[in-house]
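Let us walk through this structure step by step, from open spaces to the contacts between chains. Keep the sequence and the coordinates at hand.

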Amino acid sequence: MTEGAVAEGLRADQPSRRDATGQAAETIITMRELSLSFRTAEQPVHALSEVSLDIARGDFVSLIGPSGCGKTTLLRVIADLERASAGRITVNGLSPEANRLARGYGYVFQAPALYPWRNVERNLQLPLEIIGLPKEERAARARRYLEMVGLSGFEKKYPWQLSGGMQQRVSIARALSFEPKLLLMDEPFGALDEITRDKLNVELLELWARTGKTVVFVTHSIPEAVFLSTRIVVMSPRPGRVTRIIDCARLPRERNLDLRETPEFLEIAHEVREGLRAGHSYD
Amino acid sequence: MTDVLAQARPAGLAGLGRLGGGRALPLATVLLAILALWYAGAVYLNAPQVIERFERAHQDWSSLDLVAAAWSMERPVLPAPDQVAMELKKTVFDTRITSKRSLVYHAWVTLSATLVGFVLGSLLGILLAVGVVHLRTLDRSLLPWIIASQTVPILAIAPMIVVVLGNLGLTGLLPKAIISMYLCFFPVAIGMVKGLRSPETLQLDLMRTYSAGAAQVFWKLRWPASLPFLFASLKVAVAISLVGAIVGELPTGAVAGLGARLLTGSYYGQTVQIWAALVMASLLGMALVFAVGLAERLTLRATGGAVAGADR
């Protein structure tokens, strides 16, 4: 059942994987029968079970599913924060570890994870210091990316002086600052109120269009997933697995919040909901 | 409540105003209460001796005479605060500070041992904590010994340290500083182990996504995160470092230092001198803790304001 669904998803997916020039887009992440079990006192927990998925360059892929479906774990495997116990995975053509060491991705956590003893500018420069960029370059990058997330003028503020939404924008700018091709986002707006979340969703799409990054985005909000994504990967728990992959090519790439009232949008949202329900009935 | 408000102010030096403003009245009230109790205690404790003296002289005495005499004895059981204050004035301001009779001279002798011991002990504590946090074997092997070291009574081990070091030809400041160090490395080590471990998994994961090396994780995350813990333990450490230096002076028959002053005072029944040395020691301790607190405020203000520090 699981394998069938995945294979079907992959097949259904193939024709649409083309970029603007009509060429088949380059695959940036490949996963084949990826499994991960955590050993616990009682019995092993299968966080991921035989996940196969390709993500093309320039894609905006959302992983959606209920708690415990392994969506965050999958993201952490891509980031080499967890190791898969079986299966193959390459990121940017490298192993996850090699890709991490090459600083091939930027990661945005659910919490902003800003250092309270650093002001906004110096928080943004943290990865740049670690990479060892010269001072002028660090300052220039901080200015550029703060401007990109609309926070010019807040350079000298400390995190506690910013709202939650602003803090998360700093953390996105920080992930972009060292210019990785891949952006991994783990429910970045999960802790924010609906209005702020809508606003940041629009901004994130603009950023994505401007920078051409590949984004893998974990969420448990259906409207958020449909609004942002080019593809939605529906997952279900126990064991964590992919049950359906939904293509959003029906929606235009240029999007605004009005899109959420259109029949195409509602249709995709319905498909996602169906997918989630199917995953639950499996239990 | 005042505390919370003061913490919320971003400027670190705002805390200085706090000592002058909201706290002056409660502090003064407590001080007055202590002085009143002290004077009453002096009468109560000195009265038997005073009465005995009056009776031996076959003298008539009123209760007013009793009080006046109890507050002005030469060798009272408990000297009155003004007697201690006069002794302090005499030995601090009216004596050349190079003189052996100057309390400033004795305080300096103790202070120098305290500071050397404090610096050495803090460094030792920080190094031990860094080792314990980074090496699993040290965590298991060293931490129990660090804790056990403090169950040995310092009064028992201090003379041994002095004798052993004396045999090695080390006398004077160093044995006292080592006793100070022995006492004060402990809170620093314990505080820093907690402080260096205070970064959340999330912050450590973030460093991992940047492929930061161990040294970068230490200097950019663990060390700054531990600073509030460091200063909290340094305040404890500097106070017991002073205790260590004074205890180090007691068993050695030291000729200088506040400990020596306490010792000679008790040989000759000079209670006023003992109390003056005690007051001096506590003033010194308060000044040291205040200095560490000031360093804390300045450091935390330079690195993100008092709020971040208070929150952690």
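A pocket is defined on a 1 Å grid over the protein atoms alone, as an open set of points with protein on both sides within 12 Å along at least five of seven lines; a cavity is a set of points where a 1.4 Å probe fits but cannot get out, and lining residues have an atom within 4 Å of a point. Grid points are joined across faces, edges and corners, and a volume is the space filled by probe spheres set on the points. This is a predicted model, in which local features need pLDDT of at least 70, side-chain atom pairs count only at pLDDT 80 or more, and totals for chains, interfaces and linings use all residues. Residues are numbered from 1 along each chain as its sequence is written, chains are lettered from A and ligands numbered from 1 in the order in which they are written, and side-chain values use heavy atoms, with hydrogens and water left out.

Start with the second largest pocket. Its space is about 450 Å³. The lining has 20 residues, and those closest to the centre are B:Arg101, B:Arg261, B:Thr264, B:Gln270 and B:Gln273. Helices here are DSSP runs (H or I, at least four residues), as are strands (E, at least two), numbered from the N terminus. In chain B, α5 (81–92), α13 (258–267) and α14 (271–302) each supply at least two lining residues. The most come from α13(B), which gives five. By class the lining splits into seven nonpolar, eight polar and five charged residues. Ala, Val, Leu, Ile, Met, Phe, Trp, Tyr, Cys and Pro count as nonpolar, Asp, Glu, Lys and Arg as charged, and the others, Gly among them, as polar.

An unreviewed UniProt entry annotates "transmembrane region" over several of its stretches, including 24–45 and 272–295. Such annotations may be inferred rather than shown by experiment. Residues 24–45 of chain B are 100% helix, with the end C-alpha atoms 31 Å apart. Residues 272–295 of chain B are also 100% helix, and there the end C-alpha atoms are 35 Å apart.

Now cross to chain A. Contact means heavy atoms within 4.5 Å. By that rule 22 residues of chain B touch 25 residues of chain A. The buried area (accessible area, 1.4 Å probe, that two parts lose on being put together, summed over both) is about 2,300 Å² for this pair, and carbon and sulfur atoms give 63% of it. A salt bridge is a side-chain nitrogen of Lys or Arg within 4 Å of a carboxyl oxygen of Asp or Glu. Three of them cross the interface of chain B and chain A. A:Asp80 pairs in a salt bridge with B:Arg208, with the closest N and O atoms 3.6 Å apart.

Over all chains the count is 30 salt bridges. Within chain A, A:Glu203 bridges to A:Arg169 at 3.7 Å between the closest N and O atoms. A:Glu203 sits in helix α7 and A:Arg169 in helix α6 of chain A, so the pair ties together parts 34 residues apart in sequence.

Next, the cavities. There are two of 30 Å³ or more.

Finish with the backbone. Most residues other than glycine have a negative phi, and most peptide bonds are trans. A:Glu187 is not a glycine, yet its phi is positive, about 40°. A:Glu187 lies in the loop between β6 (182–186) and α7 of chain A. The peptide bond from A:Arg238 to A:Pro239 is cis, with omega near -10°. A:Pro239 lies in the loop between β8 (231–236) and β9 (241–247) of chain A.
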